[in-house]
Amino acid sequence: MRRGRNEEPGSVRLSLGEIRVRATVGDRRRGQLLVGPTVIPCALGAGGIVIAKREGDGGSPRGRFRLRGGAYRPDHLGVRPRTALPLRATRPEDGWCDDRRDRRYNRPIRLPAPGVSAESMWRGDGLYDVVIDLDYNRAPIRKGRGSAIFLHIARDGYRPTEGCVALARADLLRLLRRLGPRTHLRIG
């Protein structure tokens, strides 16, 4: 990778302003992430790209979202991925509340959380080895409008997500080097 004039060796290159996701013609569950002239295959929600996202609909929300930062699983990656985004190491007790009845809806939560529906961020399948919060339904949070919308690692064959955007592990790790706090992801 070439460094810019003012960059130190090992530093992260200037971050991108916007990256874009569009659905693949003929299969709304698959997409393409556009980074300038580069096209990267990705998985979308089983419901495709939706305008009016609802909890559990399987749709990826249409819109422009700030990348809030995220997490990585240190025992699977070994080292923190290179990025200008804030990233923290995931712990086994990390979860994300998807229970629209709970005051912590669409927020990080500590597990176990008896009586509360929550997704574990410490997954055995590797999908959340790197996970970026897309800032969907976060300010203000509207109960039932969807939670845990992330950029994360794709399943084999780019099988559909529950509403997230997912990339091959190598593609996501490479892309992270170009993402920063001012980067936005446009879906649709």
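## Polar contacts of Glu-119

In this predicted model, the side chains of Glu-119 and Arg-123 are joined by a polar contact of 3.3 Å, and those of Glu-119 and Tyr-128 by one of 2.3 Å. A polar contact is a pair of N or O atoms within 3.5 Å; within protein, one must be able to donate a hydrogen and the other to accept it, and residues adjacent in sequence count only if both atoms are side-chain atoms.

Counting contact as heavy atoms within 4.5 Å and leaving aside neighbours within four places in sequence, Glu-119 touches several residues, including Trp-96, Tyr-128 and Ala-148.

## An aromatic cluster

Where do ring pairs lead? They link Trp-96, Tyr-128 and Phe-150 into a cluster. Rings of Phe, Tyr and Trp (its six-membered ring) pair if their centres lie within 6.5 Å; planes under 30 degrees apart count as stacked, over 60 as edge-to-face and the rest as tilted.

The count comes to three aromatic pairs. Buried means under 20% relative accessible area, exposed over 50%, partly exposed in between (1.4 Å probe, protein chains only). Trp-96 is buried at 7%, and Phe-150 is buried at 2%. Tyr-128 and Phe-150 are also edge-to-face, at 5.5 Å and 90°.

## Reading the numbers

Residues are numbered from 1 along each chain as its sequence is written, and side-chain values use heavy atoms, with hydrogens and water left out. Local features need pLDDT of at least 70, side-chain atom pairs count only at pLDDT 80 or more, and totals for chains, interfaces and linings use all residues.
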